[in-house]
Amino acid sequence: MVDHRSDPLGAPLRETPPAFRLLLAVGAVGLVVGATLLVILGEPPTVPQLFGKPGFLALAVLIVVADLYPLVPWMRDVRANVTFAWSVASSLGAVIAFGAQAALFIPLSGLAVEFARRSGPWWRPWVSMLVFGWIGLTVAGVAEWLLAGPITLPVPDAPGLLVAGLVLTAVVLITHAVLQGLVLVALGVSTWRHQVHQLGRTARVWGTGLALSPLIGVLAVLHPPVVLLVVVIVVAVNHLSSTLLRSTAQARTDPLTQLANRLTLTRRLALRLAQLSRRDPVVGLLLIDLDRFKAVNDTYGHLVGDEVLVGIGRRLLAAAGPRDLVARIGGDEFAVLTGPGTPAAALPEVAGRIRAALAEPQIIRDHVIDAGGSVGWAVGSDHRTRPADLLELADRHMYREKRAARPAVVVQPLWTVTGQGGQAWPVASWTALTDGDMDSLLSARTVRHPGLRGSLVVDPDPLPAQEA
């Protein structure tokens, strides 16, 4: 049975928190009642009358293209990154141009965007429709109060439309932030603090487009064919988004394994630490270092070594949770940042799954390769903790595990130290080490051998508890 507690967004509806299901039920009933009242009591033109207006039909085409264009094959890598229904600006223009009842089409934008993503459980598109439906009702209510009616010919009230556009833009942004916050907080995957932080970013991304909604409305009334030319702009913007997303992905992704790179891990870790809250009180970080990867490279070559790293990446993805971030941060070093809501007590279990995944040999080009690996972890529970501090604690824990895994009896030299003109430390000097001797050796900082002018520095660096 799959445990969806760490990924409520991917859980069946019956496994989501009760508060979330109650919110959906109340929201759905309220939306139906509000839409019914809008149709019955709203000022004309009515919905059937809207479809008789060429300008509204042109906006409808623009809305469909804006929402569904990412479904074309060459936009495949953009689908999962669609975070805003760009057609809302067109829908807002329709409200300004043709009256409040045009706001009934705003929820269709949210539904279309989620279907364009084609990911997640069945209920997510309908949640999006509810959010955008309430945005539409709010916009309709404000428009009824703010606007004198649909745009009239021959000369629209330009200052009045500009003010209306700015006010409705603010209404859309604030309503979306509140509704999205209610949903995500009820699911337990975000906090109000984070939603307030996101509002500023959303305003920068959406604000310009939404503020142009009066211009779109005027064009729809005065020159409906011109609106169709905006489709070309939409296509161009989507292609530009595709290019930017690919460039961003290359900067944040390890080119060999296609995992996140060190930069992405550090930024995500800093964000998680800054967002620590009562719902998400700890951040877990695991570091993985392959024990015998250098021997693999030296024996089979770097091409085989690359295939080993790719295979290790796949295994780590399978062993990690659905919301965990898996990254390659160095040559043979990997990291796993646990997802929101993962308790500190779960880290040993995650580490155990990773060890089991690494212990299974890989068969590459008819070679059976066992690279092995050590896992260390650290827990951050203070938002003042720096990402570098948590990485260092996890690194120390990992190397303590490496030392603990060394054999008690050494049958060949671990290293050879020679001074100028000196002799190598003979193998026989190492074969008699017992458990006590090994502990004593690792507790020393400098080991010297008679007859050698060289020396070996060993710093075991006693480790504190791995918590920041």
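**View A. Glu-401 and Arg-355 form a salt bridge, with 2.6 Å between the closest N and O atoms.** A salt bridge here is a side-chain nitrogen of Lys or Arg within 4 Å of a carboxyl oxygen of Asp or Glu. The pair links distant parts of the chain, with Glu-401 in helix H16 and Arg-355 in helix H15 (residues 347-359), 46 residues apart. Helices (H or I, at least four residues) and strands (E, at least two) are DSSP runs, numbered from the N terminus. The model is predicted: local features need pLDDT of at least 70 and side-chain atom pairs count only at pLDDT 80 or more, while totals for chains, interfaces and linings use all residues. Residues are numbered from 1 along each chain as its sequence is written, and side-chain values use heavy atoms, with hydrogens and water left out.

**View B. Asp-291 and Lys-402 meet in a salt bridge, their closest N and O atoms 2.4 Å apart.** Asp-291 lies in the loop between strand S1 (283-289) and helix H13 (293-300), whereas Lys-402 belongs to helix H16 (residues 387-404). Lys-402 is buried at 18% relative accessibility, whereas Asp-291 is partly exposed at 35%. Buried means under 20% relative accessible area, exposed over 50% and partly exposed in between (1.4 Å probe, protein chains only). A network of salt bridges links Asp-289, Asp-291 and Lys-402.

**View C. Phe-20 touches Leu-13, Trp-123, Val-127, Val-183, Ala-186 and Leu-187, not counting residues up to four places away in sequence.** Contact means heavy atoms within 4.5 Å.
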